[in-house]
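Please have the sequence and the structure at hand while reading.

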Amino acid sequence: ELGDFDHYMLKEIYEQPRALAATFNATAGHEIADSAFGEGAADIFDRVEAVQIVACGTSFHSGMVARYWLEELAGIPCEVEVASEFRYRKRVQHPGTLLLTISQSGETADTLAALRDAGADDFVGSLVIANVDNSSLVRESDLVFLTRAGTEIGVASTKAFTTQLVALLMFTVALGRRNGMAAEKQQELVNALQKLPDFVQQTLELDADIKQLSEAFIPKHHSLFLGRGIHYPVAMEGALKLKEISYIHAEAYPAGELKHGPLALVDDDMPVVAVAPGDELLEKLKSNLEEVRSRGGELFVFADRQAGFISEPRIKVLPMPHCPEVAKPIVYTVALQLLSYHVAVQKGTDVDKPRNLAKSVTVE
Ligand code: F6R
């Protein structure tokens, strides 16, 4: 089953180009038909004025990414919350809200409870993005989009996350076209989704470079992951992967928050990873990064190869494939998956079955 791979996690990381393509191709003719989300999707989508996303862990991070897409590209207000918080607090519900749960397993107890409890509320409907057909969330939601990641065995979620992002971008297009998204914009997003497997493949080809970069993390006990805007949740996902499988404490911060506290932690024992593609936030992030370096910190910058970042003492740059903005959260996540993987393997941890964790969290 493992073929040439040492671990399921690595195999699953490498399956991503195929899994992403399969997920995108799930909708006939690349039209992103409403019917891809299940029977009755068109009627429910017509009534959606806001989206409430509920999920846990890595799936929560994909929801965090989707919030940027839904608000920026589709003009739809979106809230995202971890299920264990959502279900236990008294909420004020905007009318016209769709409840969107995201789950690889479709069985996560808190997410399922959130869906069940929300039944009494005035949602226009529920949609689940899940990877396991006939799972509880799939059975109990009004609408379903199944990611085509295939079985994910590694406890640390990889291909499930990136295929969720494909589904979420397709969902953004489906809502966006009801909300004035220009036909050219829709086409641009579809084109980006079509080319995505190539960009991910190019990222996998950086594996040896990422492995080399990973060596600096082996003796460390702590690390910071920084990102801005849509790349903040990508940093969160990168940090979660590193802590789960390498047991190195990793914390993600929005880059602008650095000087409001965590900068005090930075010294030569605290590597800082920056997710810094060549977007409009790059200049600001550069000045944040300068603060870290001047305090003896070592920086590892994942940047678009066209962004003009070059390695210098204490700053290692990993030049990433140049790709459309919407592809970046997925492409950069793949690089961070490889980083965590290589750190963990070199530390000798049980990569596919990290201590204390279960693949499917069916109890609270
Ligand atoms: C992290 C990880 C977990 C899951 C979380 C939700 O790598 O795998 O954080 O993402 O337990 O699981 P699902 O997506 O099955 O609801």
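## A pair of helices

In this predicted model, helix α8 makes a left-handed crossing as it passes α9 (left-handed if the near helix is turned anticlockwise from the far one by less than a right angle; helices are DSSP runs, H or I, of at least four residues, numbered from the N terminus). The axes of α8 (residues 159-176) and α9 (residues 183-204) cross at roughly 165° and come within 10 Å, the axes being lines fitted to C-alpha atoms over the stretch in contact, with angles running from 0 to 180 degrees between N-to-C directions. The two helices are therefore roughly antiparallel to each other, a term for angles over 145 degrees.

Where α8 and α9 meet, V166, L169, M170 and V173 belong to α8, and Q186, L189, L193 and L196 belong to α9. The residues of this contact comprise seven nonpolar, one polar and no charged.

## Around the ligand

Among the 15 residues around the ligand, those that come nearest are S59, S103, Q104, S105 and T108. A polar side-chain atom of T108 lies 2.4 Å from a ligand oxygen atom, while for K241 a polar side-chain atom lies 3.0 Å from an oxygen atom of the ligand. In S157, a backbone N or O atom lies 2.9 Å from an oxygen atom of the ligand.

## Residue T362

T362 is found in the segment after α13 (328-347). Its C-alpha atom is separated by 8.0 Å from that of D110, although T362 and D110 are 252 residues apart along the chain.

## Basis of the values

Residues are numbered from 1 along each chain as its sequence is written, and side-chain values use heavy atoms, with hydrogens and water left out. Local features need pLDDT of at least 70 and side-chain atom pairs count only at pLDDT 80 or more, whereas totals for chains, interfaces and linings use all residues.

Technical notes. Angles under 35 degrees count as roughly parallel, over 145 as roughly antiparallel, 65 to 115 as roughly perpendicular and the rest as oblique. Contact means heavy atoms within 4.5 Å. Ala, Val, Leu, Ile, Met, Phe, Trp, Tyr, Cys and Pro count as nonpolar, Asp, Glu, Lys and Arg as charged, and the others, Gly among them, as polar. A residue is near a molecule or strand if one of its heavy atoms lies within 4 Å of it. A polar contact is a pair of N or O atoms within 3.5 Å; within protein, one must be able to donate a hydrogen and the other to accept it, and residues adjacent in sequence count only if both atoms are side-chain atoms.
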